[in-house]
Amino acid sequence: MPADRPIHDPRLLRAIAHPVRTQILGEIAAGGPTRAADLARVLDIPANQASFHLRQLAKYGLVEEAPEEARDKRDRVWKASSESGLRADLSELSKAPGGRAAVAVFRRNTADWAHHLIDLVLSDDKEEDTIRTMMNQTVKLTKAEAEEMATELADLVESWVARTRGRDDAARRTYLLMQVLQPQPRLDES
């Protein structure tokens, strides 16, 4: 998704590096405004844990209450503060006080999660009525063409997010699309 909200505070980067918070942000991005109890059910975590992580995300301005979605005054519904996502320049963030440690935590957690996702997509243990697929394709591009391709892919994914957000019937699952576009690494970098 095109990301228009830059991250300048290393504490915010550390907050989103937590795997449960990353999943909560993903669920809200895919499904729209939601309650802690609904997140707890989907993520298979206790409701008080979901509430705690939502409050932490709110503390850093990543989610906010959506009273217009509530059933009554006691009902707490949460939505993303920025519908178009976040953008982080890790090189710049590492220069800020506490930034180097926050970037290290973020990189480690992100790499661990990516390894986990690859292991899952390659495993034989697949749930019925779901799909797991991985694509590895090489293409010759200039930097400008790579930027254009990345924008087109982001627009395509965002159109699917917009088309399916808020549609929570029993047949729907939250799918995760992980995309990497980078120059082909040299063999000595492997």
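I began with the packing of helix 6: its buried residues pack against helix 1 (10–17) and helix 5 (90–93). I note that the model is predicted.

Next I looked up which residues of helix 6 these are. I found Gly-99, Ala-102, Val-103, Val-105, Phe-106, Leu-117 and Val-121 listed as buried.

I then checked the length of helix 6. It runs over residues 99–122, which makes 24 residues. From its first C-alpha to its last it reaches 34 Å, close to the 34 Å expected at 1.5 Å a residue.

I picked out Ala-114, which also lies in helix 6. Is Ala-114 buried or partly exposed? Its relative accessible area is 22%. The cut-off for buried is under 20%, so Ala-114 counts as partly exposed.

I turned to helix 1 and helix 2 (residues 19–31). Their axes come within 5 Å and cross at roughly 85°. Angles of 65 to 115 degrees count as roughly perpendicular, so helix 1 is roughly perpendicular to helix 2. On the helix 1 side, the contact is made by Ala-15, Ile-16 and Ala-17. On the helix 2 side, I noted Pro-19, Arg-21, Thr-22 and Leu-25.

Last, I looked at the rings. How many aromatic pairs are there? The count comes to zero. I did find a charge over a ring: the charged end of Arg-163 sits over the ring of Trp-160, 3.8 Å from the ring's centre.

Note on methods: Residues numbered from 1 in each chain as written. Predicted model: local features only at pLDDT ≥ 70, side-chain atom pairs only at ≥ 80, totals over all residues. Heavy atoms only, no water. Helix = DSSP H or I, 4+ residues; strand = E, 2+ residues; numbered from the N terminus. Expected span 1.5 Å × (residues − 1). Buried < 20%, exposed > 50% of the residue type's maximum accessible area, 1.4 Å probe, protein only. Contact = heavy atoms within 4.5 Å. Phe/Tyr/Trp six-rings, centres within 6.5 Å; stacked < 30°, edge-to-face > 60°. Lys NZ or Arg CZ within 6 Å of the ring centre and 35° of its normal. Axes fitted to C-alpha atoms, helices over the stretch in contact; angles between N-to-C directions. Parallel < 35°, antiparallel > 145°, perpendicular 65-115°, else oblique.
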